[in-house]
Amino acid sequence: MKVTDIVSGAHGVTVGDEDLASPTSIFLKRQVVVANFLPLQTARDKTTGKWCFEWDEDSLLLQMKDGFSPEIEVVYVGSLKVDIDAEEQEEVSQELLEEFKCIPTFLAPHLQRSFYHGFCKGHLWPLFHYMLPISAAQGELFDKSLFGAYISANRIFADKAVEAMNSDEDYIWIHDYHLMLLPILLRKRLSQVKLGFFLHSPFPSSEIYKTLPVRDQLLKGLLNADVIGFQTFDYARHFLSCCSRLLGLDYKFKHGYIGIEYFGRIVSIKIAPVGVHVGRLEKLLKCPTTIAKVQEIKQKFKGKTLFLGIDDMDIFKGMSLKLLAFEVMLQRNENLRGKIVLIQIANPPRTMGKNVIETRNEVISIVERINSVYGSPGYEPVVFTDYSIPYHVKIAYYVMADCCIVNAVRDGMNLVPYEYVVCRQGTEEIDRHRGINMVRCTSTLIISEFIGCSPSLSGAIKVNPWSLQDVADALSHASELSENERQLHHEKHYRYVISHHVAYWVHSFLQELERACQGNCNQKYYRLGIGLNFRVVSLSPDFRKLSVDELVSSYKRTNRRAIFLDYDGTIMPAGSACKIPSTRLISILNDLCTDPQNTVFIVSGRERTALGEWFCSCTNLGIAAEHGYFIR
């Protein structure tokens, strides 16, 4: 028998000999990583006019590969950051799959605008960072058509994710708030698919989240995953609170794990802070271009104390507040003028909008005012860069900065402090140029209380970014720290960062995903509902569905019957706002109780007082209240 006769592809399509040429595509387990954008850089060759692709070394998705087993084949699903003409898409898809194991999701330009710039950046991003659209002038009011685009885009991602799967043993790992509906769309097609979801942004408190008109749909979408990951316990706690208050779902701690029961399935909640790729940073520290830049910075700012800020040009990064606090510090500390420099690097914004433009103009205005008031010939207190610079230049600034300040008003994780700590550890050659002993490496961090990495950096100076006085005090305090204090803080932070790197994060999440899927795999699944109200009901393997015909037949054949009825979720719908029994329900129970051959009991966890009042007219009805503690 030929192999082609016994191997079938997805959807019953026979796999031909040419598909079996590469053994890895058949025998290796696949890890399908789905994210909004692929970890690729794209440019068109000016000579040939063809598209050229290369890996984006800065992408966290690419750095994740170090955490996967060599026996796992990693396939990426996501969009490109450029528009590809329809006639070129087939050729580009083939090239990306063969050379990079990437499957592109080509969204039409108008859909991409409505999905990414409209719903994701206009609604979800501000809300998850605690910014509410109080009026049309202060944010984007909810637009139902943009949510429609969000659904359409997630469906396209679902199509491609299914294409990427080789077998039922493959795992799918979905990333971030752009794809919160993807778990329900995939579960609808493949009831036993192994799904993990990780949210990189913050998750807001229930008081903020419940203002979102489509709050329930997104929660239900996520709850179709096997594992939902968060950066911090606070974000996980907010999610659990939303599930409890909006959907009536409780969570349990069992054997050290947090789980939510959702229609019989246990959805695991994983707290896994992201780390940095330490090896890549150490490699860049040894580059000649980095070393040359370190020498240049050392010469340029000789004798100065350097404070460094590297932030995206974003309203939530707190750049304006940081600069205003720096201005306050210069006002109050004449002795520091001329000796201290703040280097503020602003990464290009991911999306342009009114808020970004206003933020940029405000930052430039504050920088100009500080430099004009406190600057002097040959000295600028603030050196501001608002254009894209090579990564090795940032590394060089990390190396030379005496203190790094991250003043974001809200941020999911923010890996800048981790990168700074690794770079301050340096290398032998770097330390020779810095003129220090590698054993005496130091670093100082000032970080906002409202960023995800704050709990892990216990030696950092924590600040409230809205309190300019506190941030100004922190800046002056950081400039006065002894070398011994700075060394102790650095050693503590460095130990944490090198042990909780990106590969550790990947391994930790996948371990939890494997455990959760194993716990759910022995269940029977029943598919209920349509659209975004679809759900998979999970039941034990020995579950037998109640047959009405069989039950009626048994009822008629017997002379004595004991009928035990649960209350909430059985004779009273679980989602019912009013828990008092209806007149019709009382009538049905009385009909059952008047038959002398029947013994009817309601068994409930509810208090005896309420049950006694509700069923006082059912004189022949037995009641077991408070889980049987009281019997009537």
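This is a predicted model: local features need pLDDT of at least 70, side-chain atom pairs count only at pLDDT 80 or more; totals for chains, interfaces and linings use all residues.
Before you start: residues are numbered from 1 along each chain as its sequence is written, and side-chain values use heavy atoms, without hydrogens and water. Local features need pLDDT of at least 70 and side-chain atom pairs count only at pLDDT 80 or more, while totals for chains, interfaces and linings use all residues.

**Stop 1: the pairs.** Rings of Phe, Tyr and Trp (its six-membered ring) pair if their centres lie within 6.5 Å; planes under 30 degrees apart are stacked, over 60 edge-to-face, and the rest tilted. The count is 32 aromatic pairs.

Select Phe 115 and Tyr 150. This pair is tilted, with 5.9 Å between centres and 40 degrees between planes. Phe 115 sits in helix 4 (residues 109–128) and Tyr 150 in helix 5 (residues 144–164), so the pair ties together parts 35 residues apart in sequence. Helices here are DSSP runs (H or I, at least four residues), numbered from the N terminus.

Phe 115 is buried at 0%. Tyr 150 is buried at 0% too.

**Stop 2: Tyr 251 and Phe 253.** Their centres are 6.0 Å apart and their planes at 80 degrees, so the pair is edge-to-face. Tyr 251 is partly exposed at 38%. Phe 253 is exposed at 56%.

**Stop 3: a cluster.** Select Trp 125, Phe 128, Tyr 177, Phe 203, Tyr 209, Phe 230, Phe 239 and Phe 316. They form one aromatic cluster.

Notes: Helices (H or I, at least four residues) and strands (E, at least two) are DSSP runs, numbered from the N terminus. Buried means under 20% relative accessible area, exposed over 50%, partly exposed in between (1.4 Å probe, protein chains only).
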